[in-house]
Amino acid sequence: MDDPTLVARWQFGFTILYHYLYPQLTMGLALLILILKSLYLRTQDDRWNRSARFWAKIFAINFVMGVVTGIPMEFQFGTNWAKFSVFAGGIIAQTLAMEGAFAFFLESAFLGLFLFGERRFGQRLHWFSAFMVWLGTWASGYFIIATNAWMQHPVGYKMTPDGTVELVDYWAVLLNPWILAQYMHAIGGAVLTAACVMSGVGAFYLLSHQHEEYGRRFVKVGVLTGLIASLFQLYPSGDWSGVQVTHRQPIKLAAMEGLFQTEQGAGIAILGQPDMQALKLDNPFVVPRALSFLTYRSWSAEIKGLDAFPRDEWPSSVPLLYYSYHIMVGLGTIMIAVMGLSVLMLWRRRLYQARWLLWCLMLMVPFPYIANSAGWMTAELGRQPWLVYGLLRTVDGASPTVSSGNIWFTLLGFAGMYAVFGMLFVLLVLREIAHGPEVGPSGPEAALGVSG
Amino acid sequence: MTTLWFVLVLFMLVMYVLLDGFDLGAGAVHVFVAKTDAERRMVLKAIGPVWDGNEVWLIAAGGTLFFAFPVLYASSFSGFYLPLMIVLWLLMMRGVSIELRSHLKHPMWATFWDAGFFVSSALLAIFFGAAAGNVIRGVPLDASGFFFEALWTNFDPTNPNPGILDWYTVLVGLLALAVLVTHGANYLVLKTEGALNARARRMALAGWAATVALTIPVTVSTFWLRPVMWANFGRAPWGAIFPLIAIGGLVGVLVCLLRHHERGALIASGAYMAGMMVSSAFALYPRVLPAVNPAHDLTIHNAATSLYGMTVGLVWWSIGMVLAAIYFVFIYRLFRGKVSPEEGHY
C-alpha cells in the first residue's frame, strides 16, 4: 500500500471514475435539451420550452461539477505521471491541448449565453447557444477519446534516442482507427444516461401524480432516445469495440471473457467467477461457440486464452476486469429490454398507465452510470500492465519524486471533497425535481416562463 | 520556433491572469464591498457569464505548456505537487461556491458560500503569486530534471533546499493579492452602480496603495536574490519597455480612478500585471525553470517537444485562438455594460 505507483493509480482511477459521472450526463443531456428546444421552436408549445429550461437547470449544476472535477485530470498527468508525460507528452498533449482550444472555450462561452441569455437575446440565439454547447461537449469527448486511443493503440510516432516518443504523423493520431468505435460507444453511453435520467424523472412524476403533463413528455423523449441509444451500444458501437479488442488486444479479450485456455469454437461465459489459483472459471454458465462467432464471425474460430500469453503481460487484475465487463454487458441487456418494452407500450398507448413499468424506469436511473463506469474500467484495467500499450509499462510512468505519503494525503483530500460535492449535487438536483418544470427556484427564472 | 512557443505560452498565462484575475479579485473583495445579499448577488452576476470561460485560459495554458514543453510540465507539476493540489482544491471550492449559492434561498446557505468564495479567491491569488516567486527564485532540480519541494522548510530563499513558501515567495504572493484586489475592484467599479460602485472604488484605491507599497520590496529583493535577472535587460535594452508598461499601468490606475475613468482603470491594472509578468519572463529567458544549481536549469532547449510537433501545433493553435477570440468578443459584447439587479440567474 506504500507503493507510490499503486497509490497514484488509485488516485487517478478514483478521480476519473468520479469525474465521469458528470460529463456522461452533460454530453447526453446537451443533445436532449437541443431536441426539447427544437420541439419548442417547431410546435411553439410553451411546455416544451419549459421542459428545456427545467433540464437546463439540472444541466447547469451537473456542468459545474463536471468542470471542477475535470481540472484535476489534466493536472495529474504532470503531478503523478511525470515520466509518462516526458515519454509521451509530445503526442498526448497535442490532443489534450486541442480539447482546451476547440472544446472548452466553445462550451464555456455558450453555456453562459444559454443559461443567462434567453430573455435578453431571444429564442433563435438561445437555440443556437444550446447547439453550440452540444457541439462543445461532444468535441471535448472526441479529444479525450483520441488521447485515450493513443494509449490503447499508439500510432503516428517514432522512438527517439533518449527513449521517448516523438510525433511524426499528426493526422494518424487524430484519426487513430481506435477512436471511432470507442467514441461511438462512449457517446452512446452518455446519451443512454441522459435518456434514463429523463425517463426516470418522468416516471417519478407520473407515479407520484405531480407535473404529469411534463412527466409524459419526459418519459416519451426518454424511452425513445433510450431505446435507440441502448441498441446502438449493442450494435454497431459495442460490437465494433469488441472486434477491435479481439484483433489488437487479444490478452484483454481473454481476461474480459474469463477465457483461461485457448479454445476452438470458444463459448461466452454469462456467469462464473475467475479462479486465479486454479486458473479456471468457477461455476461457469456458458453459451457454446458464441465468442468465436461474435469476434471472428465463425463458429469454430480459435480464441487465444490467457495461457497463450506470458504471465507478466496479463492485466493486473483479471477478476476485476472480468466483472467490470460482465456488469456492463448485463446492465446493457436489461436496459435494452426495459426500453424496448417501454417503447412497445408507448406505441400501444398503455405506457403511462403501466405503473410497474414506470417503477422499472425510475429505478433504472443508476444503471447507465454503473454500466459506463464498468465499461471504462474494462477498457483501462484491460490496458494494464501497460500505460501506453506495448510501449511503456505503468510502473515506469509514475513521478519519481512524489512519495506515497503525499499521494495518500491528496487522495484522501479528494475523497473528502468529492463526498461533499456528491451530497450537494444530489440535494440540489432532488430539489429541482421536487420543484418541477412549472416553477423555478428563483423569482426571475420563474418570471421567464409565462411570458416566454 | 521554441522561442515562439515560449511567447505563446506566456501569452496564454497572461490572458489567464488578466481575465480570471478580475473575477478572482472580485471574490477577494466582495465580502467587504458588497454588504447585502442583493449586492453580493450583483457581484456574482457581474462575473457569472464569464468566470468559467476565463478559467478555461488556465486549462488551455496548462495544455499548451504540456504539449510545447512536456519536460517542463512533468518536472514542475510533480515538483510542485502539494501546492498544485491545494490550488486544485481551491479552484473546485471556488467554482462550487459561485454556482451553488443561488440554488437555495437561505441566509446561512448564502453566508457559507460567500465565505467559500472569499477564502478560495484570496488564497488562490496568494498561491499563484507564490508560484511565480518560486519560478523566479529557482527550485532544487537534480541532474535528471526532477525535484520535489516541501510546502515550507526554513522560510529562507537562499536555502539550497527551499520550500514553496519562504519570505520572498510569500511577499510575491501578497503582491499578487494586492494587485488582484485592485483589478477585481476595478472590474466591479465598471460593472456596478450606487453604493457598491463607491465601495469598490475605495477598495481599488486601497489595493493600489498596497500594490505600490509591495512592488518596491519585491523588485529590490528579486534583483538582490537573483542578480542574473539583470542580464537580459543589459543584453537587450529594448526589454525595458515591459517594466515601463508596468509602471505606466500603476500610474494609470490612480489617474483613472481619480478621474472616474472606469474602463481605463481596469485596463491600467491589467497593464501593470501584464508588464510585471512579461518583465519576469523576459529576464528568465531562455530558462523556463531555473534550478538552485544553474547547471540543472530547464530551458526552452532541453524542455521542448519536437520541431514537427511545434509546427503542426502552431496551425491548430492559431485556428483555436481565433475562434476563442471570436467567442470572447461576442460574449463580452453581449454582456457589456452595468449589471441590472432584476435579471440574471444568481
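A residue counts as buried under 20% relative accessible area, as exposed over 50%, and as partly exposed in between. Keep that scale in mind at each stop. Remember too that this is a predicted model.

**Stop 1**

Select A:Cys360. Is A:Cys360 buried, partly exposed or exposed? Its relative accessibility is 33%, so A:Cys360 counts as partly exposed.

A disulfide needs the two sulfur atoms within 2.5 Å. A:Cys196 is in none, and its nearest cysteine sulfur is that of A:Cys360.

**Stop 2**

How many salt bridges does the structure hold over all chains? The count is 24. Visit a few of them.

Select A:Glu166 and A:Lys158. Their side chains meet in a salt bridge, 3.5 Å from N to O. A:Glu166 is partly exposed at 22% relative accessibility. A:Lys158 is partly exposed too, with a relative accessible area of 42%.

Next, select A:Arg393 and A:Asp312. This salt bridge is 3.7 Å from N to O. A:Arg393 lies in strand E8 (residues 392-393) of chain A. A:Asp312 sits in the loop between strand E6 (302-303) and helix H11 (318-347) of chain A. The two residues are 81 apart in sequence, so the pair ties together separate parts of the chain. A:Arg393 has a relative accessible area of 22% and is partly exposed. A:Asp312, at 49%, also counts as partly exposed.

Then select A:Glu380 and A:Arg383. They form a salt bridge whose closest N and O atoms are 2.2 Å apart. A:Arg383 is buried, with a relative accessible area of 6%.

**Stop 1: where chain A meets chain B**

Now show both chains. The contact takes 71 residues from chain A and 65 residues from chain B. Together the two chains bury about 6,100 Å² between them. Carbon and sulfur atoms hold 78% of that area.

Select A:Phe75, A:Phe105 and A:Phe116. In chain A, these lose the most area to chain B, together 13% of what that side buries.

What crosses the interface? The rule finds 0 salt bridges there. It does find 13 residue pairs in polar contact across the interface of chain A and chain B.

Color the elements on the side of chain A that touches chain B. Those giving two or more residues include helix H2 (46-79), helix H3 (82-116) and helix H4 (118-152) of chain A. Strand E2 (165-167), helix H14 (404-435) and helix H15 (443-451) of chain A are also among them. Which element gives the largest share of this side? H3(A) does, with 24 residues.

Finish by coloring this side by residue class. The side of chain A that touches chain B has 43 nonpolar, 19 polar and 9 charged residues.

Notes
Residues are numbered from 1 along each chain as its sequence is written. Chains are lettered from A and ligands numbered from 1 in the order in which they are written. This is a predicted model: local features need pLDDT of at least 70, side-chain atom pairs count only at pLDDT 80 or more; totals for chains, interfaces and linings use all residues. Side-chain values use heavy atoms; hydrogens and water are left out. Contact means heavy atoms within 4.5 Å. Buried area is the accessible area (1.4 Å probe) that two parts lose on being put together, summed over both. A salt bridge is a side-chain nitrogen of Lys or Arg within 4 Å of a carboxyl oxygen of Asp or Glu. A polar contact is a pair of N or O atoms within 3.5 Å; within protein, one must be able to donate a hydrogen and the other to accept it, and residues adjacent in sequence count only if both atoms are side-chain atoms. Helices (H or I, at least four residues) and strands (E, at least two) are DSSP runs, numbered from the N terminus. Ala, Val, Leu, Ile, Met, Phe, Trp, Tyr, Cys and Pro count as nonpolar, Asp, Glu, Lys and Arg as charged, and the others, Gly among them, as polar. Buried means under 20% relative accessible area, exposed over 50%, partly exposed in between (1.4 Å probe, protein chains only).
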